[in-house]
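This report describes selected features of one protein structure.

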Amino acid sequence: MTFSDFNFHPDLEEGLLSMGYKTPTPIQKESIPLILQKNDLIACAQTGTGKTASYLLPILHQIAQTDKKYINTLILAPTRELAQQIDQQVEGLAYFTGISSIAVYGGGDGAIYETQKRALREGVDIVIATPGRLIAHLSSGAINLDHLQHLVLDEADRMLDMGFSDDIMRIISYLPKQRQTLLFSATFPPKIRSLANAILQNPVQVNIAISKPAEGITQQAYLTHDHQKLPLITSLLKDKTYQSGIIFSSTKDKVKELDRALRKTGIVAKAFHSDLDQDERESLLNAFRARQLPFLIGTDVLSRGIDVEGIELVLNYDVPPDPEDYIHRIGRTARAATTGTAITFVNERDQRRFFTIENLIGKEIQKINLPEELGEGPLYQPEKKVHHNHRNNNWRKKKSGPARSSKS
Ligand code: AMP
């Protein structure tokens, strides 16, 4: 199957050609015909599957054939980075169609807000927005969505996790009831189901169940005690095996702490988090993309939608709280069928959670021995109940754990 089978508008085909897309990905094969038939859709798909183009292409095809007088499509996304990336894909795919788009997100100074407001007033076909900022524009009357035909919620689970549920419902109250709604989410907890029930009409469901990381990723884990983590990361990053990578930690505070600690080691790594203003975040990402900044440190917000080619290493400084996030995090490497390495530090407390991840991906992840100078780490005993504050560290006595492999 190729994209020409969809009979897209010729200007859109030209855009596809210029973007270098030849074969539709599985989510695209399934979703595009359903969206063209005007169904509401629930799609379970993660970043990296081509999900963005799977909704953009049929929408662009439809807009290309209509009078472009009103805002036709609203795409809601959890973060400004994702909104910008979606906007870039619209720009690429729609380049020859004359379809216009704007990304509307918070942060920045008053001038940006005014520019957004002016662009919205002057008219645009597609608005890609983070919920908070869109509400500001809706309240000020800068934006009229009366003629909207498509609503897309991208990474809906993340939007709910970030507390946007009320904002989303409020935005929807401004939209015409007669519209096509598409909901994309990587996970399907009950709150996503209730959101879908509330806002979709007779949706069809597409499930690209790839809770499996890409083949090109080498996955490894180190079993460590907490005090061994900093010397371990220092020794891994100092030996220059990896030129570029993302280091994940579970909270913003931990990210900042790691940033401070690494600074003392001479490793060039910068923290990326929501306390930075938009210019700072963008300049960090640009430096990272340009390979001027070798390592970024971030939380799971960074794991979604950051589309940077050639990341060699994803290092989980701790085990992500949600196993699906593990897949998102390590999906930052080995994009577009290249190879990459994902390393996870697993302390005693996180072993059980790590075991859940191994179950989810259906394979045991290779455990690497700590460098000798760091001493021994804990054994891998994920099913053992962990007692904190115990002096008598029983598992130390057991010399070989089930999944503990030799150094390699
Ligand atoms: P997404 O899952 O939407 O974040 O897309 C992941 C990456 O795949 C983006 O860089 C897209 O530009 C790219 N992409 C999407 N669809 C295709 C396709 N059919 N062929 C090649 N690359 C694609």
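## The second largest pocket

In this predicted model, 18 residues line the second largest pocket, and Lys229, Lys254, Glu257, Tyr317 and Asp318 lie nearest its centre. The space in this pocket amounts to about 330 Å³.

Two helices, H10 (226-238) and H11 (252-263), each contribute at least two residues to the lining. Sorted by class, the lining of the pocket consists of 8 charged, 6 nonpolar and 4 polar residues.

## The sheet

Strands of a sheet pair through backbone hydrogen bonds, in either a parallel or an antiparallel manner. Here, 7 strands make up an open sheet with parallel pairing, in the order E3-E4-E2-E5-E6-E1-E7. Strands E3 (101-104) and E7 (204-207) are the edge strands, each pairing on one side only. On average, neighbouring strands are turned by 15 degrees against each other, direction ignored.

The parallel pairing of E3 with E4 (residues 126-129) extends over 4 bridges. Within this pair, Ala103 stands opposite Ile128 of E4.

## Helices on the sheet

Helix H2 (residues 26-36) packs on the sheet, where it touches E1 (41-44), E6 (180-185) and E7; the directions of H2 and E7 make about 170 degrees. Helix H6 lies across E2 (73-76), E3 and E4, and runs at about 125 degrees to E4.

## Packing of H6 and H8

Helices H6 (residues 131-139) and H8 (residues 165-172) pack with their axes 10 Å apart, at an angle of about 40 degrees. Their crossing is left-handed. Among the residues making the contact are Leu134 and Leu138 of H6 and Arg170 and Ile171 of H8. By class, this contact has 5 nonpolar, 2 polar and 2 charged residues.

Conventions. Residues are numbered from 1 along each chain as its sequence is written. This is a predicted model: local features need pLDDT of at least 70, side-chain atom pairs count only at pLDDT 80 or more; totals for chains, interfaces and linings use all residues. Side-chain values use heavy atoms; hydrogens and water are left out. On a 1 Å grid over the protein atoms alone, a cavity is a set of points where a 1.4 Å probe fits but cannot get out, and a pocket is an open set with protein on both sides within 12 Å along at least five of seven lines; lining residues have an atom within 4 Å of a point. Grid points are joined across faces, edges and corners, and a volume is the space filled by probe spheres set on the points. Ala, Val, Leu, Ile, Met, Phe, Trp, Tyr, Cys and Pro count as nonpolar, Asp, Glu, Lys and Arg as charged, and the others, Gly among them, as polar. Axes are lines fitted to C-alpha atoms, for helices over the stretch in contact, and angles run from 0 to 180 degrees between N-to-C directions. A crossing is left-handed if the near helix is turned anticlockwise from the far one by less than a right angle, and right-handed if clockwise. Contact means heavy atoms within 4.5 Å. Two strands pair if DSSP finds at least two bridges between them.
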